Every structure is written in C-alpha cells, then in structure tokens.
Amino acid sequence: MSPALPWIGVAQDAPYFVDDRNVDWTPIGQNDAITWPELAPLFRRRDLPAVERHLVWLADHGVTCLRLMVEYAQGRHRYLERPDGSAVPAMVQLWDDLFAMCERVGLRILLTPVDTFWTYLRWRHHPWNAANGGPVTRLSALLPDPAARAAIKARLTFMVTRWGSSGALFAWDLWNEIHHAWAGDSADCFGEFIADLSQHVRRLEERLYGRSHPQTVSLFGPELDWRPDLPLAEPIFRHPNLDFATIHIYRSGSIDDPRDTVTPALAMARIVRRCLSEIGDGRPFLDTEHGPIHRFKDKRRTLPEDFDDEYFRHISWAHLASGGAGGGMRWPNRHPHILTPGMRRAQAAMARFQPLIDWQRFARTPAAVRAPGFHAVACSDHDQAVVWLVRRGHRTADGRVAHQVASGSRQTVTLPMPPGRYDVVAWDTVTGVAINSQNCLSSDGMLRFANADVGADRAFAVRRAG
C-alpha cells in the first residue's frame, strides 16, 4: 500500500507552499475536466489504466497539480447530484478512482464544487433549478438564497467527507468565478458567502481530520476593470478566511486574443504585480485560469502550435518571475482540448528550475531589473531573486521571437540586491537546463551579471552565496 501523500499548506514565512514534511511544493499544472479527452475514460471506468498512464506521464513532466470542477456541466451526464441531494454513483466512482490514482502518482487537485460557466448557460437543466426539484427558482439569487446556500454546503459536506482526507487534495476553490450575476448584480454578499462556506468546510475538516486544506475563491479577472463600482478586491485578495488569492487572467486583446508571444507575457506580469499590491498579509497568489479564450471560444480559431507553445512558455515565466506561485494554470482553449507536447516540455523545464530557489524563505517583492535589449521581469528579497528576460524586437512574421541571435553578444543585467556575493544560474526555459553559473558581487546595492547569447528568453535564479 502506498504511503499517504503529504498534505499541502502555506509556507510560514513566504508566499509559497510547502507539504507537511516542510518540503517546498510549487503548483505546476493546468485546468482539466472530466469530459475532456485525457480524463474522459474515467467515466463508468471505461479505461482506468489509460488515465493512470497519462497521470504518470504528467508527473514525469513536472506537473504537480490539476485544477478540476467536481461537475462539468457542459452536457447533462456529469452532474454530481441528480436530483439535488442525491449523489450519482457513477460520478462518485469516477472521483474515487481519480483521487486514488493521484495518491499513487503524487499529483494534487485544486478542486471547485461547481462549474459556474456551464451551470449558467445550462441552468434550465441543472438539479439546483427549482424546475428540476432544486432549491432555487432564479439563478440570480443563488448566492444569498438560504435554500441554495444549504444545497451548496451540503455538496461541500459530501466532498469533504468523501475526499477531504486525501493528500491528493491541494486546496479548495470554494467557488469558481464568483460573480455578481449570481447575487442580483451585487457583490455585497460576497464576503459573507465566502465566510459561510469557508468556516463550514474548515470546521468539518478539523473535526474529521484534525487539520484543513488551504482555501481560495476565484474571480474572472477582467471584472476588476469592468466593474470598478463593485467591491471585488476585498473578498478576493484580503478575505480573512482564505489562505491564498487567485484570479483568472484573461486580459482583453493581449492574453485572450494574442497577436504575438511577448505582449501577453508583459500583461501577465503587470496583472500579477497589481494583484500582489492588493494583498496586505503576504498570502500566496497564483493565476488559476488563463489562455486565448476569445480567440478560441468566440472566433473559433485554435492558435498554431508553435506560436501557442511560445505564448504559453512566456506567460508562465512572466507569472513566476513577477511573484506568482508557479507558472499559472492554462485553460487549454485548443482543439482537442488538451495541452500540446511543447507546453508539457515547458512545464518540465519550469519544474526543474524550482530547486534553485528556497521558496519557503523567499519573501519576494517585485524588483526593477534592467537588461539592455530585453523586457525584464523580476521579484526578489534580501537573499534571492527570480529574473526572466525576453528579447525586444526580432519578431518572426507570425509574432514569435526570433531565436537566431548572433553569439558572442554580451549585455549586463542590473538587479537591486543588498551588498554581498551571489550565485547566479542562467536557465534555458526551452530545454530546462542550466546554461552557466556565475558568482557575482553587489557592492553598491546593485548586482550586475552577464547575459550572453540569449535567443528568445532566459531565466535566472539568484541566491546569496553560502
């Protein structure tokens, strides 16, 4: 029998994660769904060995976490309950099997109880609709309605009781993309709604297991700009019951419909920094959905694979280097609805970078790094830094960064760091290997190190020597 998988928690002194053995843990992964090609064979146990082979392959490529919705309501045959309050045996078996596999493989799940997008679009079919015997007549009353709240908490009770003992559960996303349309075009109830769900889950876990998993609530990020009249930041970034903050980063025109592979990454970095500025207590932040949603969903076009691979890699490193935990979690927005092999290689390259930083002692803040000829993104504290550079200009016709750059060119990267000596490891984000290591001196509050022969982009891990 496999030993129990350690639980994940928030590091005591840094905005990152550790397991209960005090080992650094970084969420590297993406969104998946129980109806998408790679997990679909779970249903009615059509091909469990194929799914487990896939999960092993993910773990071998550095993936540590999948974000999943307990029911994915695009169709009518994946409801967790039908009718309301009555669990569907085939769905319970599916999740039992998936948790058991993840325990064996060593993967974690960021779990949310409701697929709100398809629930909204297919509301007439949902078991919570009063027309189908559920508690709610109007979807716009779902969050504040007492009967609806009872149904939501009953679902969470079932999930906690059934799967909450597992170390394969990374965290609870208590509500996916909380939205004012579910509360009469108001966000006034968000804080109370989150507190009610959070306290319910935490009390239940602590009674059953003596501890609790981390909690968050997600938001469709553009709402922060679209509805500045609503009090959205407080419950998302600073709610006292939540352990880490997340939004879904779909910046209009750059991330959701990209025309090059650099502009979306710079947008990601700006948004992560903005989110960090909203957090007042040093809790972790990570993007839990991003991708070319407008291009795929509305324009019905799939990005060319070579372009999408670079777009994915650049966004991931911009997220990490600006202070997010991990590389963010892509919503595939491809046909078929899976990540490409190139994206998996990029995840493996980022996973191999992780040991270069002592994450649970990295109290990062955004850093102003300079590198001639490059866009530069960095975060640092008094001992460590993560830097990511992507070349300015040199675009191919399709918007990628040209990789063929004359060798022998040397520039200097300048990074504010306290006086002392630092080890600087240059990292190839494509192959996932160290290119070189330098020992450099900061004598005036500025660390300077060489940056030579860079093609499209490069990352650096900086640690105080000794």
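The structure is a predicted model, in which local features need pLDDT of at least 70, side-chain atom pairs count only at pLDDT 80 or more, and totals for chains, interfaces and linings use all residues. Residues are numbered from 1 along each chain as its sequence is written, and side-chain values use heavy atoms, with hydrogens and water left out.

We begin with the strands. Helices (H or I, at least four residues) and strands (E, at least two) are taken as DSSP runs and numbered from the N terminus. Three strands form an open sheet in the order 1-2-3, with antiparallel pairing; two strands count as paired if DSSP finds at least two bridges between them. Strand 1 (8-10) and strand 3 (24-25) are the edge strands, each pairing on one side only. Two bridges join strand 2 (residues 17-19) to strand 3 in the antiparallel sense. Within strand 3, Asp24 is the bridge partner of Val18.

Axes are lines fitted to C-alpha atoms, for helices over the stretch in contact, and angles run from 0 to 180 degrees between N-to-C directions. The axes of helix 1 (residues 48-60) and helix 2 come within 10 Å and cross at roughly 40°. That makes helix 1 oblique to helix 2; angles under 35 degrees count as roughly parallel, over 145 as roughly antiparallel, 65 to 115 as roughly perpendicular and the rest as oblique. The crossing of helix 1 and helix 2 is right-handed, a term used if the near helix is turned clockwise from the far one by less than a right angle, anticlockwise being left-handed. Helix 2 (residues 89-105) also meets helix 4 (residues 146-163): their axes come within 11 Å and cross at roughly 40°. Helix 2 and helix 4 are therefore oblique to each other, and helix 2 passes helix 4 in a right-handed crossing.

We turn to the empty spaces. Rolling a probe the size of a water molecule over the atoms shows where empty space is left. On a 1 Å grid over the protein atoms alone, a cavity is a set of points where a 1.4 Å probe fits but cannot get out, whereas a pocket is an open set with protein on both sides within 12 Å along at least five of seven lines; lining residues have an atom within 4 Å of a point. Grid points are joined across faces, edges and corners, and a volume is the space filled by probe spheres set on the points.

The largest pocket has a volume of about 960 Å³. Of the 37 residues that line this pocket, Phe117, Trp118, Ile293, Lys297 and Trp331 are the closest to its centre. Helix 9 supplies the largest share of the lining, five residues.

The structure also holds two cavities of 30 Å³ or more. The largest cavity has a volume of about 80 Å³, and its lining includes Pro27, Phe312, Trp317 and Met350. Helix 10 (305-321) and helix 11 (341-353) are the elements that give two or more residues to this lining, and helix 10 gives the most, with four residues. The second largest cavity holds about 40 Å³ of space. Among the residues that line the second largest cavity are Asp32, Trp36, His337 and Arg344.
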